[in-house]
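Below are my notes, in the order I looked things up.

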Amino acid sequence: MISKTFRPAIGVALAGILSSAFLPTSFASAAPRPHAADGATVSTFARIAGDVLSQRSQALVEDRGGRHTSAPIGAKARMSAQLKREEDAALASLRSRKTRLNALGESYTGADTHVSVNKATVSGKQATVEVTEDTTLTYKKIRGDEPATTGFRTRYELALTNTAGSAWELTSIKSQDNGPVAVNEPTVAKAAVVTDDGQTYPDGTPASTKYPAPANPKTKTGTGYDYAAMAAYAEKYWKTYNPAYRQFNGAGGDCTNFVSQALKAGGWKNVPGSTDDYRNWWYDGALQTNSWVGVNDFAWFTLSNQRATNLANVYQMDVGDVLQMDFDRDGSKDHSMMVTYRSSTGTPYLTYHSTNTYRKSLASLIASYPNAVYFAYRT
């Protein structure tokens, strides 16, 4: 249950946020027990996280006469020296990402970041805080047919220490989601490696990321599939999960499960058989095939059953097509996404789970992961 939501003002110094947070006298016990933080302390933690994450979002927004820096260190309340250095580097990295996005014809005119505290536990002078960030970025109308906004929801864990003078010091902030990093997150997600069992798998052909792409229009009628329904499903449940399906965020990520649901909504039929044979694809409420939830298994199923073909260029993708990424080029695919909007000038926008994201442009993915391997599937 999310307890509180804040809309912190950009540029509010952490010193002003933290100085009012004090430990109860019970914290002085020799062997303190972990306990939930009180309301005032929860509010402090939410504002701490909100300030840091809002500044990250603002680093991507088109400049309006000022430069954003990490929050200053104060005498009573501060980020740790190490974290301040990391955040300064993070903001510099995000400003470089903004430059790469501009070169690809994308820019943002505004950012709205909300932070909610899910859980805050205090033990002596240490605190662990779980938060959810909801951010909406407004696309600048450069070509004229960009979507109005892109949004994402991601989870973080904060570690804090109570310092001399009874003020909290933020020592770390770490993402808890799989998949591509949110566009305002500087850290590259780690890939999950799949062990090859010795069989020969239909891995597919990597796609070029060169723009513009050769024309390859999609046939949307007479296929037996409803691509608009796929997109509508994904955009309905990108952050409010369909209760008819289980979630797999704690078991490697929910990205392929989500893509499978959208494809099912658009007319993909089950292929019965054992759960561990990649040539089968189904979900029955209690069980599902590996191909329903596994990134690599999904690719093997899709190509072996001719449910899709590989596209030569990622910019050829259209609504209902699927993009997969191999973040670290180790031969194992790591993430699945679906195109839910395509601009008339040829930019696909993707919606996905883990991190939960709405209409993220292909350009922003490539700017964040220029060295990844991309696989584009025409469904």
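This is a predicted model: local features need pLDDT of at least 70, side-chain atom pairs count only at pLDDT 80 or more; totals for chains, interfaces and linings use all residues.

**Helices**

I began with helix H2 (residues 39-58): 20 residues, reaching 28 Å from first C-alpha to last, close to the 28 Å expected at 1.5 Å a residue. For me, helices (H or I, at least four residues) and strands (E, at least two) are DSSP runs numbered from the N terminus, and the expected span is 1.5 Å times one less than the number of residues. Residues are numbered from 1 along each chain as its sequence is written, and side-chain values use heavy atoms, with hydrogens and water left out.

Buried here means under 20% relative accessible area, exposed means over 50%, and partly exposed is in between (1.4 Å probe, protein chains only).

Next I checked H3 (residues 81-103). Its 23 residues should span 33 Å at 1.5 Å a residue, and the end C-alpha atoms are 34 Å apart, which agrees. The buried residues of H3 include Leu-83, Ala-90, Leu-91, Leu-94 and Leu-101, but Glu-87, Arg-95, Arg-97 and Lys-98 are on that list too. I then asked what the buried residues of H3 pack against. I found H2, strand S3 (78-79), strand S4 (108-123), strand S7 (167-175) and helix H8 (362-368); contact means heavy atoms within 4.5 Å. After H3 comes Gly-105, with a positive phi near 85 degrees.

H7 (residues 295-304) is mostly covered, with 9 of its 10 residues buried. Among them are Phe-298, Trp-300 and Phe-301. Their partners are helices H5 (255-265) and H6 (290-293), plus strands S8 (309-310), S9 (322-326), S10 (335-342) and S13 (373-378). Just after H7, Gln-306 has a positive phi of about 55 degrees.

**Whole chain**

I counted 8 helices and 13 strands in the protein chain. Of its 379 residues, 54% count as buried. For contacts with a separation of 6 or more, 68% come from residues 24 or more positions apart. The chain exposes about 16300 Å², and carbon and sulfur atoms supply 51% of that (Shrake-Rupley method, 1.4 Å probe; for residues, only the protein chains shown count as cover).

Trp-168 sits in strand S7. Buried or exposed? Trp-168 counts as buried, at 1% relative accessibility. Its C-alpha is 8.8 Å from that of Phe-45, 123 residues apart along the chain.

Tyr-341 is in strand S10 and counts as partly exposed at 23% relative accessibility. Leaving aside neighbours within four places in sequence, I see Tyr-341 in contact with Asp-145, Pro-147, Val-319, Thr-347, Pro-348, Tyr-349 and Arg-359.

Most residues other than glycine have a negative phi, and most peptide bonds are trans, so I went looking for exceptions. Tyr-211 and Pro-212 are joined by a cis peptide bond, omega about 0 degrees, and Pro-212 lies in the loop between S7 and helix H4 (227-236). The bond from Ser-354 to Thr-355 is also cis, with omega near -10 degrees; Thr-355 lies in the loop between strand S11 (348-352) and strand S12 (356-361).

Arg-329 has a positive phi near 60 degrees, lies in the loop between S9 and S10 and counts as exposed at 56% relative accessibility. Arg-359 has a positive phi near 50 degrees, but is found in strand S12 and is buried, with a relative accessible area of 16%.
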